[in-house]
Amino acid sequence: MAPVLTPERTAERLCELSADVRAAVLLDAAGAPAGVHGVAKANSRELAELARELFEAVDRAHRDLPGGPPEQVEVQVDRGAVFASRTPRWTLAAVARRTALSSLLLMDLRAVLGELEHGRPIRRSVAASEEGAPGPASEEAAASESPVPELGQDAE
Amino acid sequence: MKEKRKGPIGRAADLAEGFAATMRRMQREREPRLLVYDETGYARLVQPNGRGYQNLVETAERMVGLVEDAEAEGRPLRRVRGDAEAAGEPRRARSRRDAFAEEEDA
């Protein structure tokens, strides 16, 4: 069984999940850092402070949007990109490479926050050629397998 | 429809146009870009003259700078030529020609 994701490990989990993430920070509802990964301990508080400022600036400027206050932010700058996502309880911000794909990174942020809040483990695929990889033993078994396993399980 | 230019001048003009387009694209890609998403995932592009644009871009730049500093600290420093000699380490040959010359000198 997969270990339960703790707030302290959440930033590290995001860095593991996405190769484009260089550093990440998780803030709690009060804006206090709950976990940092990718920067030295001395700089972790500053990174958390900046992440908090990011959403504060968003709230000041875009509070009155028709769809409600923004939940996610993406800022592309010259030397990198910053992505942040929040739920009522947590805010997760990541500094990524400039080449990172926005949609994938925002999805990763949501997935990690989902795992932290609801304990839903993120499903990761393993290459079939990897030794010991779980999967169908034969081509016939692979052909009979549903391409969307969740749908197959629901039907049973 | 754009008429295709023929001849060497036309080809040179096409090349120059392609180059200019590439430069414009690279410049556009380097420009800061800011998007906010609502809870349904609907994205809004914030224009450079939009509210909070400058503040948000500055904050993001500081975050990226902080991470760059951390990455630079983690990376071993590049040694420049002369450091080894200053530290009293024996000078290493930098090429086959240098090695041959050192053998000759010896």
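In strand 1 of chain B, Tyr37(B) is the bridge partner of Gln72(A). That bridge belongs to a pairing between strand 3 (residues 72-77) of chain A and strand 1 of chain B, which run antiparallel over five bridges. The model is predicted. Chain A has 156 residues, 38% of them buried. Chain B has 106 residues, and its buried share is 11%.

**Layout of the chains**

- Chain A holds five helices and five strands.
- Along the sequence, the elements of chain A come in the order α-β-β-α-β-β-β-α-α-α.
- Chain B has four helices and two strands.
- Its pattern along the sequence is α-β-β-α-α-α.
- In chain A, take the contacts between residues at least 6 apart in sequence: 46% of them join residues at least 24 apart.

**Confidence**

- Chain A has a mean pLDDT of 83, and 76% of its residues reach 70 or more.
- Confidence in chain A is highest in strand 5 (residues 91-96), at a mean of 96.
- Confidence in chain A is lowest in helix 5 (residues 149-155), at a mean of 51.

**Where the chains meet**

- The contact draws 32 residues from chain A and 29 residues from chain B.
- On the chain B side, strand 1 (33-37) and helix 2 (53-74) each supply at least two residues.
- Helix 2 of chain B gives the most to that side, with 15 residues.
- The chain B side divides into 14 nonpolar, four polar and 11 charged residues.

**Val75(A), a residue at the meeting point**

- Val75(A) sits in strand 3 of chain A.
- Val75(A) counts as buried because 27 C-beta neighbours lie inside 10 Å.
- Leaving out residues up to four places away in sequence, Val75(A) touches Ala81(A) and Val82(A) in chain A, and Leu34(B), Leu56(B), Val57(B) and Ala60(B) in chain B.
- Val75(A) and Ser102(A) are 27 residues apart in sequence, yet their C-alpha atoms are 9.8 Å apart in space.

**Helix 2 of chain B**

- An α-helix has 3.6 residues a turn, so residues three or four places apart point the same way.

**Strands 1 and 2 of chain A**

- Strand 1 (residues 21-27) and strand 2 of chain A pair in the antiparallel sense over four bridges.
- Val25(A) has Val36(A) in strand 2 as its bridge partner.
- The hairpin formed by these strands has five residues between them, and Gly31(A) takes a positive phi near 90° there.
- Strand 2 (residues 33-37) has four of its five residues buried, so it is largely enclosed by the rest of the structure.

**Helix 2 of chain A**

- Helix 2 of chain A covers residues 41-62, and its 22 residues should span 32 Å at 1.5 Å a residue; the end C-alpha atoms are 32 Å apart, in agreement.
- The buried residues of this helix include Leu47(A), Leu50(A), Leu54(A), Phe55(A) and Val58(A).
- Arg52(A) and His62(A) are also among the buried residues of helix 2.
- Ser44(A) is found in this helix too.
- Ser44(A) counts as buried because it has 20 C-beta neighbours inside 10 Å.
- Apart from residues up to four places away in sequence, Ser44(A) touches Pro33(A), Val36(A) and Val39(A).
- Ser44(A) and Ala24(A) are 20 residues apart in sequence and 9.5 Å apart in space, C-alpha to C-alpha.

**The nonpolar core**

- The largest nonpolar core has 50 residues.
- Val25(A), Leu47(A), Leu54(A), Val82(A), Leu92(A) and Ala94(A) have the most contacts inside that core.
- Beyond its neighbours within four places in sequence, Ala94(A) is in contact with Leu14(A), Val21(A), Ala24(A), Phe83(A), Leu105(A) and Leu109(A).

Conventions: Residues numbered from 1 in each chain as written. Chains lettered and ligands numbered in written order. Predicted model: local features only at pLDDT ≥ 70, side-chain atom pairs only at ≥ 80, totals over all residues. Expected span 1.5 Å × (residues − 1). Buried ≥ 20, exposed ≤ 12 C-beta atoms within 10 Å, placed from the backbone. Contact = placed C-beta atoms within 7 Å. Nonpolar A, V, L, I, M, F, W, Y, C, P; charged D, E, K, R; others polar. Pairing = 2+ DSSP bridges. Core = buried A, V, L, I, M, F, W, Y, C linked by C-beta atoms within 7 Å. pLDDT = per-residue confidence, 0-100.
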